[in-house]
Amino acid sequence: MAATFYNLGSSAGLKKLDEYLLTRSYISGYQASKDDISVYGALSSSPSSEYVNVSRWYKHIDALLRISGVSSEGAGVTIEGSAPSVEEAPPVSPPTADTKS
């Protein structure tokens, strides 16, 4: 079941997230995932210590991101096309008699 969180910039949204994290270390599963990074990115700053579980989780994810070398948001990236597959690669001609040494 996918978790859904609304308005994490509000106290009501943080309260719901805090209740959700009461019995969990991560947003989904038993290790940090893209879900954690998505929720982390949706928070504009470190949450108040009033939200004990969110604050604990936020500090943990922040530490994981720092030790992984992820330090900024980046500038965005566009990926167009891909490397040709083996079938799309141009055929290689066998050497001819005049190219052999």
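At 0% relative accessibility, Leu21 counts as buried (buried means under 20% relative accessible area, exposed over 50%, partly exposed in between, with a 1.4 Å probe and protein chains only). Leu21 sits in the loop between H1 and H2. Keep in mind that this is a predicted model: local features need pLDDT of at least 70, side-chain atom pairs count only at pLDDT 80 or more, and totals for chains, interfaces and linings use all residues. Residues are numbered from 1 along each chain as its sequence is written, and side-chain values use heavy atoms, with hydrogens and water left out.

**The chain overall**

- The protein chain has three helices and zero strands; helices (H or I, at least four residues) and strands (E, at least two) are DSSP runs, numbered from the N terminus.
- Reading from the N terminus on, the elements run α-α-α.
- Of the 101 residues in the protein chain, 23% are buried.
- The accessible surface of the protein chain is about 8,100 Å², and 55% of that belongs to carbon and sulfur atoms (areas come from the Shrake-Rupley method with a 1.4 Å probe; for residues, only the protein chains shown count as cover).
- Take the contacts in the protein chain with a separation of 6 or more: residues 24 or more positions apart account for 49% of them. Contact here means heavy atoms within 4.5 Å.

**Leu21 and its surroundings**

- Setting aside residues up to four places away in sequence, Leu21 touches Tyr26, Ile27, Asn53, Val54, Arg56 and Trp57.
- Asn53 counts as buried because its relative accessibility is 12%.
- Not counting residues up to four places away in sequence, Asn53 touches Asp18, Leu21 and Leu22.

**The nonpolar core**

- In soluble globular proteins, nonpolar side chains tend to be buried together.
- In this chain, the largest nonpolar core has 16 residues, and the members touching the most other members are Leu17, Leu21, Leu43, Val54 and Trp57. A nonpolar core is a set of buried Ala, Val, Leu, Ile, Met, Phe, Trp, Tyr and Cys residues joined through side-chain atoms within 4.5 Å.
- H1, H2 and H3 each put at least two residues into this core, and the largest share, five residues, comes from H3.
- Leaving aside neighbours within four places in sequence, Leu17 is in contact with Phe5, Leu8, Ile27, Val39 and Val54.

**Helix H1**

- H1 spans residues 11–20, and its buried residues are Gly13, Leu14, Leu17, Asp18 and Tyr20.
- Looking down the axis of H1, these buried residues fall within an arc of 160 degrees, so they line one face of the helix (the arc is that of the directions from the helix axis to the C-beta atoms).
- The face of H1 turned away from the buried side carries the exposed residues Ser11, Ala12 and Lys16.
- Helix H2 (34–42) and helix H3 (52–67) are among what covers the buried residues of H1.

**Helix H2**

- Asp36, Val39 and Tyr40 are the buried residues of H2.
- Down the axis of H2, those residues fall within an arc of 105 degrees, so they too line one face of their helix.
- Lys34 and Gly41 are exposed on the other side of H2.
- The cover over the buried residues of H2 includes H1 and H3.
- Ile37 also lies in helix H2, and at 46% relative accessibility Ile37 counts as partly exposed.

**How H2 and H3 pack**

- H2 and H3 pack at an angle of about 110 degrees, and their axes are 11 Å apart. Axes are lines fitted to C-alpha atoms, for helices over the stretch in contact, and angles run from 0 to 180 degrees between N-to-C directions.
- That makes H2 roughly perpendicular to H3 (under 35 degrees is roughly parallel, over 145 roughly antiparallel, 65 to 115 roughly perpendicular and the rest oblique).
- On the H2 side, Asp36, Ile37, Val39 and Tyr40 meet Trp57, Tyr58, Ile61, Asp62 and Leu65 in H3.
- The C-alpha atoms of Ile37 and Tyr58, 21 residues apart along the chain, are separated by 9.9 Å.

- Asn7 has a positive phi of about 50 degrees although it is not a glycine.
- Asn7 belongs to the segment before H1 and counts as exposed at 56% relative accessibility.
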